[in-house]
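This briefing is meant to be read with the sequence and the 3D view side by side. It begins with charged pairs and then turns to other local features.

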Amino acid sequence: MNDVVIRVENLGKLYRIGKREPYSTLRDALARTFSRALSRAYSGRSSGNPGERDQYIWALKGVSFEVRKGEVVGIIGANGAGKSTLLKILSRITDPTEGHAEINGRVGSLLEIGTGFHPELTGHENIYFSGAVLGMKKSEIDRRFDEIVAFAELEKFIDTPVKYYSSGMQVRLGFAIAAHLEPEIMLIDEVLAVGDAAFQKKCLGKIGNVVEEGNTVLFVSHNMGAIRGLCQRAIWLNEGKIAEDGETQRVVSRYLTAVQEGFIQRQPKDGERVIIERVVLRNSQGEKTLDFTPDDDLIVEVYFRALDRIEKPYFSVTVASRLGWRLFRADMTLDGHRPDYIEGDGMIACKFKSIRLLPQSYVVRIGVRAKDRSKLTGTRDVGFFNVIGRMADFGFAAEIADREAWRSAPVVVPYEWHLPDGRVISVDIKHYDKRGKSDEVGG
């Protein structure tokens, strides 16, 4: 029995860049025909006018893959890599310029803020309107209406026209409708990044439930922790083409390595006197890596170039979640330890001991200030790293620990449970020595 539910073959999408003509349904239809002719011309021979080619860009080119029933596939890549274009083609929002895509099954999608909403209708009315667009019957909407409203947390505003909703409110309502459609195939773009942190976590939990029910999911996200936690497979898109397709851990690690290399700064920005040229991350053994375990040391080596002699500068190194939350920080403006001066090329390192982070993806940020607190270089993200590992290997024995780790608060502070029967149970990340003996970190 063939269990392939999504088949993409030699998919390509050509966009014209620059000034657009006023909207016209007939024009759009003719333009689609014309764009296909252009694609054949550009793929086989050059245009008579060299400048004419620069007016078009391939958002996707030569993309082919299959997804089987029940697979959960993460789509990763930089902004502009073609991820959203791919999901729009699969959702039949836009047509491909070349190739084709087949999708078999009931589809629920959340691609753009307000998709399927009419701004003049209330949230109440838009649930029925958007649900109908997504293929829900009125009886299904009636049965799930209260659950949709409660999930979206919009009880007070459900009779307010959607045009007055914030982008976050629209996302909450759109996701609630799509998530309660009970789709066989779910297509989700990074639109969740608009919502607040609590709702993002709630949405990721709902996606996890969809996955556990055996549905097929294509999940576009920059949250590598969620990709690792949800997806058995990842597809890395780079400039409209598949750079790699395979097991999630391997693909994500290779993608983050490529991203890390792209942080090299060649020229100073306006007013900056320090250039962060590269950042190297090392583990407890001093090995250069982007993959750490929950009990590892994290060594951050910052290679910089000072454009002139700078007296008593302040450095800061911050570890944040992929959603932007600061988790912990080393800051010379607080601890008072700083170099006497920097000049020319140099390196400063910060060692965070036993990082106590659960398996997710994290961001490293660097900032440098002068002794008068003025900025020598703007605080910026300079790299990513992953924390990986089976939770049971670090003292977390619950059957669902691995599945829940990416949804949890990322930092583990040692704690105790005082149970009704009088037992006191201590919980902390543990590490194992070479003989297999476990000890509590820091114990």
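The side chains of Arg 144 and Glu 140 meet in a salt bridge, with 3.9 Å from N to O, in what is a predicted model. Both residues belong to helix α5, where they sit four residues apart, about one turn of the helix. Arg 144 counts as buried at 9% relative accessibility, and Glu 140 likewise counts as buried, at 11%.

**Salt bridges**

- The structure holds 20 salt bridges, and the pair of Arg 144 and Glu 140 is one of them.
- Helix α5, which spans residues 138–152, also contains Asp 142 and Lys 138, again four residues apart and thus about one turn of the helix; these two form a salt bridge whose closest N and O atoms are 3.1 Å apart.
- Asp 142 is partly exposed, since its relative accessibility is 37%, while Lys 138 is exposed, with a value of 55%.
- Asp 245 forms a salt bridge with Arg 233, the closest N and O atoms being 2.9 Å apart. Because Asp 245 lies in strand β9 (residues 241–247) and Arg 233 in strand β8 (residues 233–238), the pair ties together parts that are twelve residues apart in sequence.
- Within that pair, Asp 245 counts as partly exposed at 32% relative accessibility, whereas Arg 233 counts as buried at 13%.
- Arg 7, Glu 66 and Glu 102 are linked to one another in a network of salt bridges.

**Backbone with positive phi**

- Most residues other than glycine have a negative phi.
- Arg 92, however, has a positive phi, near 65°, and is found in the loop between α3 (83–90) and β4 (98–103).
- Ser 354 also has a positive phi, near 45°, and lies in the loop between β15 (341–352) and β16 (361–369); this serine is buried, with a relative accessible area of 14%.

**A buried serine in a strand**

- Ser 321 is found in strand β13, which covers residues 314–321, and is buried, with a relative accessible area of 4%.
- Leaving aside residues up to four places away in sequence, Ser 321 touches Leu 327, Ser 361, Tyr 362 and Val 363.

**A nonpolar surface patch**

- Tyr 415, Trp 417 and Ile 425 form a nonpolar patch on the surface, and together they have about 310 Å² of accessible area.
- Tyr 415 is placed in strand β18 (residues 415–418) and counts as partly exposed at 36% relative accessibility.

Technical notes: Residues are numbered from 1 along each chain as its sequence is written. This is a predicted model: local features need pLDDT of at least 70, side-chain atom pairs count only at pLDDT 80 or more; totals for chains, interfaces and linings use all residues. Side-chain values use heavy atoms; hydrogens and water are left out. Patches are made of residues with over 30% relative accessible area and no salt bridge: like charges are joined within 9 Å, nonpolar side chains (Val, Leu, Ile, Met, Phe, Trp, Tyr) within 5 Å. Accessible areas come from the Shrake-Rupley method with a 1.4 Å probe; for residues, only the protein chains shown count as cover. A salt bridge is a side-chain nitrogen of Lys or Arg within 4 Å of a carboxyl oxygen of Asp or Glu. Helices (H or I, at least four residues) and strands (E, at least two) are DSSP runs, numbered from the N terminus. Buried means under 20% relative accessible area, exposed over 50%, partly exposed in between (1.4 Å probe, protein chains only). Contact means heavy atoms within 4.5 Å.
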